Amino acid sequence: SSAEAQLFLLDFCNDFYQQPFVSVVTISHDCPISGFDSWLRKQNSLSDDHQDEIFGLVCNRTAMLPIAKDLFHPCVSAWARKSREINVVLRNDEVKILSFPFRAQYGYTDSFHELAKEFWTIEHWLNDKLNSAPLGANKAFFTGNAYWYMDTQQAMTSTAFSSAATAFVSSTLVILISSRSFILTSFAVLCMSYILAATIATMVLCGWTLGFIESICVAILIGISADFVTHLSVAYTADEGNLDREKRTEGALVDMGPSILAAAFTTVVSSVVMIFTEIVFFGRFAYVMLFTITHSTLGAFIMFCTL
């Protein structure tokens, strides 16, 4: 309500809507502080008989901003109620929030990188403005549905990578502890890396990007990339005695191979069924599961056993 804050907000409004990353919501749109100032100027230009009643009784016939500090809240509150200004939030006849709606250049259907670039452009511009803002007008922030989606997508993307790291570390420890062999563990890590890289490469080949749905799928299915290799590794070291590699590999395939193939078969069948669903998430999930199981089977039975 201070004079400095009022003038800052008025300048902020005019400067904000001149920025290249901002478009007005409607052609006739005006931010509330600028609309209030225009109303004061208009009322002052009218004769006493044609002036609004609240202009004289509440606003003390102030011609323009800044208005006296003790008149600011009652005058703006009366004006906002009369004009039905939805961008002014009142509580007990005090102005609590001034909202400056704007239309951004990008939405949640656009590229994540374009949306993130726009977000940080607005963030840096706003922070620069707030550095010189007086007390009472220095708490501004901006938000929107697209930026909520961007934040969620960013969190899901980081979750996908952290899930991959968790699966790798856990599987590596299990294989190392059970086999007590650094060579076998290295081979297992190499195969799991192939499975993960090949699955993601197949998604890229299909023209996909790491969006919200794909991040969830990767986070859930990343453990499958380590599943088959881990089972074969444990089976490889299960036989006691001083057996050569060929015998151990044969034993692992005989003991664990049928169970792994059965698991792969049932998963592939369920994936094929889900491909034909109408819901987008289930369709994408089915494809990612199919890619993962295919590369997991090839990596475990061909690459890992050969090594």
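**Ground rules.** I number residues from 1 along each chain as its sequence is written, and side-chain values use heavy atoms, with hydrogens and water left out. Since this is a prediction, local features need pLDDT of at least 70 and side-chain atom pairs count only at pLDDT 80 or more, while totals for chains, interfaces and linings use all residues.

**Aromatic rings.** I paired rings of Phe, Tyr and Trp (its six-membered ring) if their centres lie within 6.5 Å, with planes under 30 degrees apart called stacked, over 60 edge-to-face and the rest tilted. That rule gave me 20 aromatic pairs. I picked out W39 and F55, an edge-to-face pair with centres 6.0 Å apart and 85° between the planes. W39 belongs to helix α2 (residues 32–45) and F55 to helix α3 (residues 53–57), so this pair ties together parts 16 residues apart in sequence; helices here are DSSP runs of H or I, at least four residues, numbered from the N terminus. I also looked up burial (under 20% relative accessible area, 1.4 Å probe, protein chains only). W39 counts as buried at 13% relative accessibility, and F55 does too at 0%. Elsewhere, ring pairs join F8, F12, F16, Y17, F21, F100, F102 and W125 into a cluster.

**Helix α7.** Just after the helix, G207 has a positive phi of about 85°.

Methods
Helices (H or I, at least four residues) and strands (E, at least two) are DSSP runs, numbered from the N terminus. Buried means under 20% relative accessible area, exposed over 50%, partly exposed in between (1.4 Å probe, protein chains only).
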